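Subject: Structure handover

Hi,

Here is the structure I promised to pass on. My notes follow below it.

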Amino acid sequence: MPVIAIDGPVASGKGTLARRLAEALNLAYLDTGSLYRAVASCILERGSDPDDSILAAKVADTLTAEDLDRDDIRDEIVGQGASIVAANQEVRKALLEFQRNFAKTPPDGHLGAILDGRDIGTVVCPDAEIKLFISATPEVRALRRHKELLERGEESIYARVLEDLRERDQRDRNRDTAPLRAAEDAVILDTSDMDADKAFKVARQLIKERLSL
Ligand code: CDP
Ligand code: CDP
């Protein structure tokens, strides 16, 4: 069963692209960022600190499917917390098997799996048939996230979004375990000047050429 790995920094458009490809190609989709976000959300709810590595490892070990649907999962504070717990080696270890099983045995009826995150092509699915690394300038990505927040009716200040995004990128790129980077065999797609439709078309064509899917 084919596996497609999509990695990239904050608001590069990897989730939007992965979701659209999953639907078009009948692939099961896993947003792996939601696992790290769920761990952070559980910790913040208790009033604890995502830096508490023993607690974070325990929460990751006992994470349930319902935790992935928590109300605050998309909040930026949870995103920041996610990038803190994601630097914890024990947390990553606890979440790895679930991700690999999903890729190997996608839920019924699907022709394969598509996973998005930071380390799918490098660590979770190094043998993936297709690896895409989605990028865009920090300014473009911050504007996308800013617009999304405003569309959701939330308050947002562009400069603050940009600052948070740079902080999270930096933490994700510089951690020791599974840092954010493109796999050597990944195709890099700079979407700075592409809308979501264009990015989908380019990715779709590449998959057609490589996988005849
Ligand atoms: O998953 P990730 O954080 O990488 O980004 P996303 O949540 O999929 O996308 C962030 C926003 O950028 C969404 O509102 C998309 O509509 C928009 N967008 C995109 O996904 N792809 C582009 N090439 C341009 C914009
Ligand atoms: O959608 P957005 O780009 O804002 O973030 P996300 O994909 O939901 O991921 C939240 C955080 O989880 C990231 O900043 C990473 O620190 C971490 N993460 C990771 O380390 N490895 C993954 N495979 C996915 C997410």
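Which helix gives the most to the shell around ligand 1? It is α1, with three residues. Helices here are DSSP runs of H or I with at least four residues, strands are E runs of at least two, and both are numbered from the N terminus. A residue is near a molecule if its C-beta atom, placed from the backbone, lies within 6 Å of it.

Some ground rules. This is a predicted model: local features need pLDDT of at least 70, side-chain atom pairs count only at pLDDT 80 or more, and totals for chains, interfaces and linings use all residues. Residues are numbered from 1 along each chain as its sequence is written, while chains are lettered from A and ligands numbered from 1 in the order in which they are written.

**Ligand shell**
There are 15 residues around ligand 1. Gly13, Gly15, Thr16, Arg144 and Ala196 come nearest. The elements α1, α7 (138–151) and α9 each supply at least two residues of the shell.

**The annotated loop**
UniProt, in an unreviewed entry, places a "binding site" feature at Gly8, Pro9, Val10, Ala11, Ser12, Gly13, Lys14, Gly15 and Thr16. UniProt positions are given in the numbering used here, feature names are shortened, and annotations may be inferred rather than shown by experiment.

Ser12 sits in the loop between β1 (3–7) and α1 (14–25). Ser12 counts as buried because it has 25 C-beta neighbours inside 10 Å. The cut-offs: buried means 20 or more other C-beta atoms within 10 Å of the residue's own, exposed means 12 or fewer, and partly exposed is in between, with C-beta atoms placed from the backbone. Leaving out residues up to four places away in sequence, Ser12 touches Ile134, Ser135, Ala136, Arg141 and Thr191. A contact means C-beta atoms, placed from the backbone, within 7 Å.

Lys14 is in helix α1. Lys14 is buried too, with 27 other C-beta atoms within 10 Å. With the sequence limit of up to four places again left out, the contacts of Lys14 are Ile6, Asp7, Gly8, Asp116 and Ile134.

**Backbone check**
Most residues other than glycine have a negative phi. Ala11 has a positive one, near 55°. Ala11 lies in the loop between β1 and α1 and is buried, with 25 C-beta neighbours inside 10 Å. Ala178 also has a positive phi, of about 45°. Its place is the loop between α8 (158–174) and β5 (187–190). Ala178 is partly exposed, with 19 other C-beta atoms within 10 Å.

**Fold and cores**
The protein has nine helices and five strands. Of its 213 residues, 40% count as buried. The C-alpha trace spans about 50 × 35 × 30 Å along its principal axes.

The largest nonpolar core has 28 residues. Such a core is a set of buried Ala, Val, Leu, Ile, Met, Phe, Trp, Tyr and Cys residues joined through C-beta atoms within 7 Å. Ile4, Ile6, Ile114 and Leu115 have the most contacts inside this core. Elements that give two or more residues to it include β1, α1, β3 (113–117) and α9 (196–211). A second, separate core has 19 residues, among them Tyr36, Ala38, Val39 and Leu95.

**Helix α3**
In α3 (53–61), Ala56, Val59 and Ala60 are buried. They line one face of the helix, because seen down the axis they fall within an arc of 100°; the arc is that of the directions from the helix axis to the C-beta atoms. What covers them includes α2 (33–45), α4 (76–85) and α5 (89–104).

Best wishes

Definitions and conventions
Two residues are in contact if their C-beta atoms, placed from the backbone, lie within 7 Å.
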